[in-house]
Amino acid sequence: MIEIVKPALKYLASYKAALERGWSPDNVRLEEATREQLAAIEQDPAAFLADLDDPEGKGPSITLPDGRKVPRLPGFRRWIWDGEAAGSIGFRWQPGTAALPPHVLGHIGYAVVPWKRGRGYATEAVRLMLDEARAVGLPYVEITAKPHNPASHKVILTNGGKLVGRFFEDAAYGGAESLRFRIDL
C-alpha cells in the first residue's frame with residue numbers, strides 16, 4: 001500500500017503540493033520549516049533533494065531552534081509514498097554507538113500529511129525504516145513522542161517499542177516533557 005522512497009525529482013511536485021497545502025514535515029518548527037523547504041525547492045530543487053540524503057554526516061552544521069549550531073549527524077529522509085506524497089520519515093545516528101546527543105530527540109522521526117492520517121501509514125513507514133537501522137548495525141532505535149500523542153504511541157508500540165522513560169526535552173526544543181520508546185532490532 002505504501003512505500004518509503006528516496007526523495008527524487010519525479011516525486012518532488014507531489015511533495016511540494018503537500019507543503020503548499022500547509023503540511024509540515026517538521027513537528028517542532030512547523031510553518032517555518034514549510035516555508036524554508038518551499039523556498040529551497042524554488043531556489044534549487046536538486047540541492048534541496050541532495051540535502052535530504054547525508055548518510056555520512058558531511059553536510060553543514062544544524063541550527064537548533066534556540067540558535068545553537070551543532071554538527072550534523074549521518075542521516076537521511078525518505079518520503080512516505082502511496083502514489084503521491086503522504087509524509088516524511090527521517091533516520092539519524094552516530095557511527096559506532098546507539099547513543100544520541102541530548103539535542104537529538106530520537107533515531108527516527110516522522111510526519112504524515114493530515115489528510116492521510118489514521119490509515120497506518122506511519123506504522124508501515126516506521127516498520128520499513130527499521131530495516132535501514134538494522135543495516136547500519138544499531139542494536140536498537142529510540143523514538144520519542146509527547147505524552148498527549150496516543151496516535152504516535154500506537155505507531156511505536158505496534159512496531160515493538162517499549163516505553164523506557166519520561167524526560168524533558170533539550171531546552172532548544174522548549175524543555176517539554178516527552179516519552180522515550182526503544183525498539184530492539
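N159 counts as buried because its relative accessibility is 12%; buried means under 20% relative accessible area, exposed over 50% and partly exposed in between, with a 1.4 Å probe and protein chains only. The model is predicted, so local features need pLDDT of at least 70 and side-chain atom pairs count only at pLDDT 80 or more, while totals for chains, interfaces and linings use all residues. Residues are numbered from 1 along each chain as its sequence is written, and side-chain values use heavy atoms, with hydrogens and water left out.

N159 lies in the loop between α5 and β9 (162-168). Helices (H or I, at least four residues) and strands (E, at least two) are DSSP runs, numbered from the N terminus. The contacts of N159, meaning heavy atoms within 4.5 Å, are T123, V126, R127, L130 and I183, not counting residues up to four places away in sequence. The side chain of N159 also reaches the backbone nitrogen of R127 at 3.5 Å, and a polar atom of that side chain lies 3.0 Å from the backbone oxygen of V155.

V155 belongs to the buried residues of α5 (residues 150-158), together with S152, H153 and I156. Seen down the axis of α5, these buried residues fall within an arc of 160 degrees, taken from the directions from the helix axis to the C-beta atoms, so they line one face of the helix. An α-helix has 3.6 residues a turn, so residues three or four places apart point the same way. What covers the buried residues of α5 includes β7 (108-112), α4 (121-135), β8 (140-145) and β10 (177-184). The face turned away from the buried side carries the exposed residues P150, A151, K154 and T158.

How values were computed. A polar contact is a pair of N or O atoms within 3.5 Å; within protein, one must be able to donate a hydrogen and the other to accept it, and residues adjacent in sequence count only if both atoms are side-chain atoms.
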